[in-house]
Amino acid sequence: MRGGGLRIYAVIYLVFLYLPILLLPVFAFNSSTIIAFPLASFTTEWFAELPRVPALRDALWVSLKIAVLTALVSTLLGVCAARAAARYRFAFKGTIMGLIMLPLVLPEIIVAVSLLVVFLQIGLPLGSLTVVLGHVLICTPFCVAILNGAFQSLDISLEEAAIDLGETGWSTFRLIILPLVMPGIISSLLIAFTISMDEFIIAFFLSGSEATLPVYLWGQLRFPQRLPVVMALGTLLVLASVVLLTIAEVARRRGVARRGQQDNGGFL
Amino acid sequence: MALISLSGIDKYYGTYHALRDISLEIEGGEFFSLLGPSGCGKTTLLRTIAGFETPDKGVLTIDGRDMARVSANRRPTNMVFQSYAIFPHLTVAQNVGFGLRRSDLTKAEKAREVGAALEMVGLGGYGARAAHALSGGQRQRVALARALILKPKVLLLDEPLSALDKKMREQMQSELRQLQRQVGITFVLVTHDQEEALIMSDRIAVMFEGEIAQLATPQDLYLRPNSRRVGEFIGMMNLIPGRMDRDGSQMIGDIPGLGRLPIVPDLLTDGQGPGDCTFGIRPESMSLVFNGELPTGKFVDGTVVERAYYGDMTYYEVLLDGGTAPVTCSMKNLVSRPVLDAGARTRLAWEPGALIVFDAA
């Protein structure tokens with residue numbers, strides 16, 4: 001068979017990538033507190049315990065608050081940047097767009113430490129607000145990447161046609177551009193939300209006393225007997241991420257199909 | 001007074017001089033075309049009239065009003081874009097009715113207007129369709145209806161037929177012309193297709209490199225091009241390098257292959273005097289003489305070098321005895337006429353009155 005070696009490589013690669021994640025639900029439903037094979041018996045006890053932990057509820061609430069704010073702010077910034085990149089020519093455009101995208105590849109720990117130093121220097125108390133600022137910094141490049149596609153596929157003459165028919169710049173944006181990039185905006189909101197929800201390093205450095213869900217999880221790892229509960233929580237988080245990203249992609253594809261456009265590949 | 005008047009319009013893109021001192025007047029109710037190769041500035045000029053480009057110099061008035069401070073959304077012009085720019089998220093009716101959003105009409109009146117506009121372009125009953133599900137020709141009609149619903153003083157059309165296939169394009173050419181007569185609105189068309197411009201326009205401005213080379217009616221443009229370049233751009237033109245000599249009070253042309261003959265001043269494009277020049281003659285002003293036919297004019301002999309058979313017409317390349325390069329001549333195909341092959345000897349009749357004298361190349 002042709003490409004046999006490559007096929008095997010691809011399968012091993014996928015197993016290596018996803019097996020650890022598949023182990024999460026396996027141990028989340030295992031009744032033993034020791035994370036090892038052989039498995040004991042099936043239980044949903046760990047899931048049932050989740051809502052009974054107040055610290056967990058608080059952390060979930062903090063995380064949701066931060067994720068929603070982050071999604072809104074970074075998508076708004078992303079819309080502005082993508083629109084500017086698609087429609088206008090200005091000095092140092094390449095450099096500016098590059099700097100916006102840079103956090104995508106910067107080591108997160110460096111970003112986190114730098115932000116910590118800055119916030120302490122200017123005397124901003126650590127908490128949800130500082131985490132949001134950090135998350136906006138790392139989510140915006142993702143939003144710009146998604147929205148760039150949406151804005152660049154827009155034919156400029158659509159805007160000109162609306163203006164030609166008597167609309168102003170703002171009403172053209174509202175009536176023509178916004179509906180056409182809406183799938184991209186939804187996709188951007190969901191992805192930024194998911195990234196913020198799962199992010200650990202920045203939250204760990206900047207959350208102060210308001211632990212986010214990942215930070216809470218990290219804290220729980222110190223107690224071996226709590227490990228199965230962590231596994232249960234992890235299972236739910238993975239599930240939620242997959243569901244949200246699926247919705248984001250479905251929204252994007254439906255938008256493309258409804259407008260009869262060529263699908264030039266989204267972010268996923 | 002002219003409906004649209006441009007005087008001394010200049011436009012630069014950086015150091016690129018896109019429009020050079022353009023002055024022209026377009027009358028109300030006229031079908032006016034801007035014709036030229038790509039990059040000649042015709043679209044820039046159209047977009048200047050629409051208000052999407054701001055000239056660096058010059059004055060544009062529409063209906064007597066200076067347009068310098070009037071933005072695109074307030075001008076009495078509407079545009080059909082090359083890509084049609086149909087709003088993909090709206091229905092056909094919503095697209096067509098888009099311009100009525102700011103009018104004071106009631107909902108029922110708007111619906112009636114939209115229906116009438118769709119009826120006018122032959123799309124009655126298509127209102128509820130999704131815009132992106134239309135064919136090229138239908139999109140074009142929607143774009144037309146959408147631009148005409150505001151009853152503009154001027155309709156601007158930017159290469160509206162270039163995306164259509166040949167059959168559809170020919171059909172739309174006559175429909176557009178009919179529509180223009182019916183609504184009586186001034187149409188300004190941008191096209192690179194000389195045939196399209198000739199078929200549809202009342203007057204044509206031929207543009208090269210940001211300048212108007214010639215402004216004339218289709219017939220004048222075809223019969224009396226004022227330069228070699230215009231002559232070559234509009235239709236087919238044989239260009240034969242030769243010379244003219246003064247003989248007493250008249251000029252004698254020496255045309256390799258066609259012979260020597262007096263040149264009347266009417267044939268000169270730029271008051272040319274004695275010396276080298278280029279003679280132009282259209283393929284249909286020359287014809288092969290077949291047995292039994294009695295054509296008029298002057299006769300010369302030659303050899304067929306090549307022929308192209310088009311069904312209704314045959315184009316012959318004929319090397320005239322004494323000529324330096326073959327000339328093209330077009331013949332209508334009749335049942336009584338044979339189609340000659342390369343190598344055949346033939347006789348060619350031509351009309352001296354169809355000659356045009358251009359500057360030497």
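Two residues are taken to be in contact if their C-beta atoms, placed from the backbone, lie within 7 Å. Helices (H or I, at least four residues) and strands (E, at least two) are DSSP runs, numbered from the N terminus. The model is a predicted one, so local features need pLDDT of at least 70 and side-chain atom pairs count only at pLDDT 80 or more, while totals for chains, interfaces and linings use all residues. Residues are numbered from 1 along each chain as its sequence is written, with chains lettered from A and ligands numbered from 1 in the order in which they are written.

Where the two chains meet, 16 residues of chain A are in contact with 18 residues of chain B. On the chain A side, helices H7 (156-164) and H8 (169-198) each supply at least two residues, and H7(A) gives the most, with 6 residues.

H7(A) also has buried residues, namely A:Leu158, A:Ala161, A:Ala162, A:Ile163 and A:Asp164 (buried: 20 or more other C-beta atoms within 10 Å of the residue's own, with C-beta atoms placed from the backbone). Their cover includes H8 of chain A, along with helix H1 (42-50) and strand E6 (77-80) of chain B. Just after H7(A) comes A:Gly166, with a positive phi of about 105 degrees.

Over in chain B, helix H4 (residues 136-148) packs with helix H5 (residues 166-183) at an angle of about 15 degrees, their axes 12 Å apart. That makes H4(B) roughly parallel to H5(B) (an angle under 35 degrees). H4(B) brings B:Gly136, B:Gly137, B:Gln140 and B:Leu148 to the contact, and H5(B) brings B:Met168, B:Met172 and B:Val183.

Note on methods: Axes fitted to C-alpha atoms, helices over the stretch in contact; angles between N-to-C directions. Parallel < 35°, antiparallel > 145°, perpendicular 65-115°, else oblique. Buried ≥ 20, exposed ≤ 12 C-beta atoms within 10 Å, placed from the backbone.
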